[in-house]
Amino acid sequence: MMWKRPITFVGILVLFVIGGLSAYAISQTFQSRVESEVLDSTEQAVAQTAINLTDRMRSIEALSQMVASDSRVLDAIWRSEEEESMENQLTDIEQLRDVAASAMAREDVALMRMYISGAKMLSRERVNFYPLSEVESLPEYRDGRWGGYWVGEHEVSTLGFQDSVLSYCLALRGAAFDQLGAFVIIDVHAERLRDVIGALSLPGSESEGSVFLIDALGAIMLEDGRRPASEALAGRIAGEESHTGFLGTEGGEMAYIKAPLGRSGWTLVAVLPRRALFANSQLLRPAMFIAILAMALFSAFGTAALAFASYARGVRRQIAGIQRSLEESGQIASIQNREPKDLFQLNRHISELLETAAHAREEAYNAQLREREATLRALQAQINPHFLYNTLDTINWMALEANAPDVSHMIETLGYYYRMSLSKGRDIIPLRDEVSLVKAYLSLQSERFDHEFSVSWTVAEEAEPCLIPKLTLQPLVENALLHGLCKRKKMEGALMEIYASSKDGMLHLTVLDNGPGLVQEQARSGYGLMNVRQRLELFSAGKYALTLANRPEGGLRVELVIPARLS
């Protein structure tokens, strides 16, 4: 059968070539169609945005014309200096402030400025009115321009106002063109117009495209704040006659769509990479799917046959080896026919092996958990008798000495202690339960030592729900009492301090005593601490720290740090 392998390979190669050519032809056809449709829809969106901008700008232009034709404005501007009087100027101030207030009540208007003759008192107001002599130094002023015109985004800073604006400027001239009576500027919030062009959605990622306004020469008047616009590209677009097209740049081919904005002479422009036209297309995806499917149909069977013929024998041998190993280890029964002969047998054998391996892993994991749990319970059970015998001996001594209520209290406290120590069969308990257990223990010991020592508790609220192995704090407190406070020359003034806090994901437990310190290292590192260390090793997987150190003022400091796990 060796002679069939080259034929199979050539057949697969032919299928790949035919499938690839088919996929390429289909994708090119659909790509051209998608590009045309996306450009058309984007052009419509740009045109609608241009209409919205034009409406807003025309309302500002109309407002400027209303201000310029207002009789109160005209009277104030063209009154000769001989006719000026204090009464007229006061009247002008009141009337023109009404004009300014009415103009600035418009939603888009940020500020109205009017430059009038310096002989008029209100020109010194410098809020809405300024001397005409300053007009030529304004960046908004265009000498010789007749009628109104727009100025692109710039900063305006006056008394009580500072913002980024676009401005519509209108020169009020007399019968003689060179006679300038006043200069009116309507400043528009740049952000309001930016929001209009920013709402224009472009195909592809928002960071790839940009929308901006340009004048007739291609200078950028306002940007939408997405991607910074290129001055060079804006100039090239201004020179293009077509409303849509493509321009080559260093960053790749860019698509542009533009629409004029009424009488302003400005143009709204949207620019985005040509590849972005296909990013969100709902039409290209089916096309590519069809192309890929066509290629897959031509090549799938041949590829599968070649791959199966090349690797099936090796896989069968590997499975047979795994089966043999499992049989020898006793994990599965003997199989008469180890090597599968066909694809269906191969699949069945793989499934059986995976099930066997998963079952073996689960059994091993459960066995490990049971072993750790048994070890923890065994270590836990070793602590209780040690304290039980000491306490019962104390109760017996007190009962022989006197028939007092203290005996009843001791027995009651002891019962509470053992109820807490059982913890309903739980080995891991909240710190609050361990604290209650330790307090019961200290109450019993306080009776035993005739209340000769004191205990100070400081337990942070956030530490109380943290989980710890049962009887972790109690051995530390017991060591501090028996090997610390009880070893003092005098019990008077004996003090134990217990602190608990939680920070940075760790639970901190600290026990301080004012005993003699580490004078008996064997006692301080004996059975109790060894038991605590073993249980903490199991509880935290070794992520704990238990330190003992003498205090400079005398006594011992024991500090335990474990992960703060919550119940």
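User: What makes helix 11 (residues 473–482) largely enclosed by the rest of the structure?

Analyst: In this predicted model, 9 of the 10 residues of helix 11 are buried, so the helix is largely enclosed by the rest of the structure. The buried residues are L473, Q474, P475, L476, V477, E478, N479, A480 and L481.

User: How many aromatic pairs does a search of the whole structure find, and why is the pair of Y141 and F183 called edge-to-face?

Analyst: The search finds 5 aromatic pairs. For Y141 and F183, the ring centres are 5.4 Å apart and the planes stand at 70°. A pair requires centres within 6.5 Å, and an angle over 60 degrees counts as edge-to-face; the pair is therefore edge-to-face.

User: Which parts does the pair of Y141 and F183 tie together?

Analyst: Y141 lies in the loop between strand 2 (129–131) and strand 3 (148–158), and F183 in strand 5 (residues 180–189), so the pair ties together parts that are 42 residues apart in sequence. Both Y141 and F183 are buried.

User: Why is the pair of W150 and W266 called tilted?

Analyst: The ring centres of W150 and W266 are 6.1 Å apart, with the planes at 55°. Angles under 30 degrees count as stacked and those over 60 as edge-to-face, the rest being tilted; the pair is therefore tilted. W150 is in strand 3 and W266 in strand 10 (residues 266–273), 116 residues apart, and the pair links these distant parts of the chain. Both W150 and W266 are buried. Ring pairs also link W150, Y168 and W266 into a cluster.

User: How do you know that R274 lies over the face of F246?

Analyst: R274 is at 3.8 Å from the ring centre of F246, and the distance criterion for a charge over a ring is within 6 Å. K439 likewise lies over the face of W457, at 5.3 Å from the ring centre.

User: Is C169 buried or exposed, and why is C486 given the class it has?

Analyst: C169 has a relative accessible area of 0%; since buried means under 20%, C169 is therefore buried. C486 has a relative accessible area of 25%. That value falls between the cut-offs of 20% and 50%, so C486 is partly exposed. The structure holds 0 disulfides.

User: What makes A103 buried, and with which residues is A103 in contact?

Analyst: A103, found in helix 3 (residues 86–104), has a relative accessible area of 1%. As the cut-off is under 20%, A103 is buried. Leaving aside neighbours within four places in sequence, A103 is in contact with L63, V67, V109 and M112. The C-alpha atoms of A103 and V67 are separated by 7.9 Å, and these residues are 36 residues apart along the chain.

Definitions and conventions
Residues numbered from 1 in each chain as written. Predicted model: local features only at pLDDT ≥ 70, side-chain atom pairs only at ≥ 80, totals over all residues. Heavy atoms only, no water. Buried < 20%, exposed > 50% of the residue type's maximum accessible area, 1.4 Å probe, protein only. Helix = DSSP H or I, 4+ residues; strand = E, 2+ residues; numbered from the N terminus. Phe/Tyr/Trp six-rings, centres within 6.5 Å; stacked < 30°, edge-to-face > 60°. Lys NZ or Arg CZ within 6 Å of the ring centre and 35° of its normal. Disulfide = S-S within 2.5 Å. Contact = heavy atoms within 4.5 Å.
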